[in-house]
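Biologist: I would like to learn how to read helix packing and charged pairs in a model. Can you take me through one?

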Amino acid sequence: MPLKTSQDDQIQLNLTPMIDVVFLLIIFFMVATKFTEIDRSIELELPKVGSAGEAAVPNKPKAVTVFADGRIELDGKSVDRATLVTQLTAARQATPDLDVILHGDANCPFQHVADTLAACHEAEVTQIGITVELATAMSQSKSSTRK
């Protein structure tokens, strides 16, 4: 049986579907551009007001940091527990929906964090967030090899 050693037809790439898709994309973007021009050309007279007052400023959460040695900072200033309660109470009276973000050192004994949470509770702060760092796969694999 003779083997075929030459190729009769050369393989060709059919570009028709790709050209169709490109033309459809061009038409889509041309139509979408026309819609944005129509939105800009709407003539509208906005109502006017005498005074608007001050815009409400979003509340910035208070940052409480607990260090490994038990030191506490409120917004970067070192405070003791009693001062923390006093300042948080005053801030909560000024802003009833006060948010507190608690940053605790990973090497800190939990008792320091618990005391700080109790101080926030004494100040009647109800919105408390605790920051953590997500463990990466690398640190998890290191901890599993140390066992």
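Modeller: We take a helix pair, then the salt bridges.
Modeller: This is a predicted model: local features need pLDDT of at least 70, side-chain atom pairs count only at pLDDT 80 or more, and totals for chains, interfaces and linings use all residues. Residues are numbered from 1 along each chain as its sequence is written, and side-chain values use heavy atoms, with hydrogens and water left out.

Biologist: How are two packed helices described?
Modeller: By the angle between their axes and the distance between the axes. Axes are lines fitted to C-alpha atoms, for helices over the stretch in contact; angles run from 0 to 180 degrees between N-to-C directions. Helices (H or I, at least four residues) and strands (E, at least two) are DSSP runs, numbered from the N terminus. Here helix H2 (residues 81-94) and helix H3 (residues 110-122) have axes that come within 8 Å and cross at roughly 35 degrees.

Biologist: Which residues make the contact?
Modeller: H2 supplies Arg81, Leu84, Val85 and Leu88. H3 supplies Asp115, Thr116, Ala118, Ala119, Cys120 and Glu122. Contact means heavy atoms within 4.5 Å. The set holds six nonpolar, one polar and three charged residues. Ala, Val, Leu, Ile, Met, Phe, Trp, Tyr, Cys and Pro count as nonpolar; Asp, Glu, Lys and Arg as charged; the others, Gly among them, as polar.

Biologist: Now the charges. How many salt bridges does the structure hold?
Modeller: Side chains of opposite charge can pair when their charged atoms come close. The cut-off: a side-chain nitrogen of Lys or Arg within 4 Å of a carboxyl oxygen of Asp or Glu. The structure holds four. One of them joins Arg92 and Glu124, with closest N and O atoms 3.4 Å apart.

Biologist: Where do Arg92 and Glu124 lie?
Modeller: Arg92 is in helix H2, and Glu124 is in the loop between H3 and strand E5 (127-130), so the pair ties together parts 32 residues apart in sequence. Arg92 is buried, at 19% relative accessible area. Glu124 is exposed, at 53%. Buried means under 20%, exposed over 50%, partly exposed in between (1.4 Å probe, protein chains only).

Biologist: What does Asp75 pair with?
Modeller: Lys62, at 3.4 Å, N to O. Asp75 sits in the loop between strands E2 (72-74) and E3 (77-79), Lys62 in strand E1 (residues 62-66), 13 residues apart. Asp75 is partly exposed, at 39%. Lys62 is partly exposed too, at 24%.
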